[in-house]
Amino acid sequence: MTVSQISNSKWSVSSESHPGTFYTVRHPTKLDEMGCMYFKWTCDCPSYRQPCKHILAVQAEYQALEEAAERDE
């Protein structure tokens, strides 16, 4: 599975079961009814499981990048 970051809150993830197919994972900022910010992970794959394996792959890469940045400080 290949993960490529498109923007600060958007990634392209390749499908393992359908070669040549890519799904878009998003991590946009949302506001709840009280006006508090939160992040909601979404993926445009057909999986019913949430989080799907594409979101989990992006989250793992995102966490690894954050940890590497903290070590470099």
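Charge patch and ring cluster in a predicted model

Biologist: What gathers in a patch of negative charge on the surface?

Modeller: Glu66, Glu67, Glu70, Asp72 and Glu73 do. This is a predicted model, in which local features need pLDDT of at least 70, side-chain atom pairs count only at pLDDT 80 or more, and totals for chains, interfaces and linings use all residues. Residues are numbered from 1 along each chain as its sequence is written, and side-chain values use heavy atoms, with hydrogens and water left out.

Biologist: What makes a patch?

Modeller: Its residues have over 30% relative accessible area and no salt bridge, and like charges are joined within 9 Å. A salt bridge is a side-chain nitrogen of Lys or Arg within 4 Å of a carboxyl oxygen of Asp or Glu. Asp and Glu count as negative.

Biologist: Why does Glu70 count as exposed?

Modeller: Exposed means over 50% relative accessible area, buried under 20%, and partly exposed in between (1.4 Å probe, protein chains only). Glu70 has 56% relative accessibility, so Glu70 counts as exposed. Its place is in helix H1, residues 53–72.

Biologist: How many aromatic pairs does a search of the whole structure find?

Modeller: Three. Among them, Trp11 and Trp41 form a tilted pair, 5.6 Å centre to centre with 35° between the planes. Rings of Phe, Tyr and Trp (its six-membered ring) pair if their centres lie within 6.5 Å; planes under 30 degrees apart count as stacked, over 60 as edge-to-face and the rest as tilted.

Biologist: Why does the pair of Trp11 and Trp41 tie together parts that are apart in sequence?

Modeller: Trp11 lies in strand S2 (residues 10–14) and Trp41 in the loop between strand S5 (37–39) and strand S6 (42–43), so the parts tied together are 30 residues apart in sequence.

Biologist: Why is the pair of Trp41 and Tyr62 edge-to-face?

Modeller: The ring centres of Trp41 and Tyr62 are 6.0 Å apart and the planes stand at 85°, so the pair is edge-to-face. Tyr62 lies in helix H1 and Trp41 in the loop between S5 and S6, so this pair ties together parts 21 residues apart in sequence. Ring pairs link Trp11, Trp41 and Tyr62 into a cluster.

Biologist: Is Trp41 buried or exposed?

Modeller: With a relative accessible area of 18%, Trp41 is buried. Tyr62, at 30% relative accessibility, counts as partly exposed.

Note on methods. Patch = residues over 30% accessible without salt bridge, like charges linked within 9 Å, V, L, I, M, F, W, Y side chains within 5 Å. Areas by Shrake-Rupley, 256 points an atom, 1.4 Å probe, with all protein chains shown as cover. Charge placed at Lys NZ, Arg CZ, Asp CG, Glu CD. Helix = DSSP H or I, 4+ residues; strand = E, 2+ residues; numbered from the N terminus.
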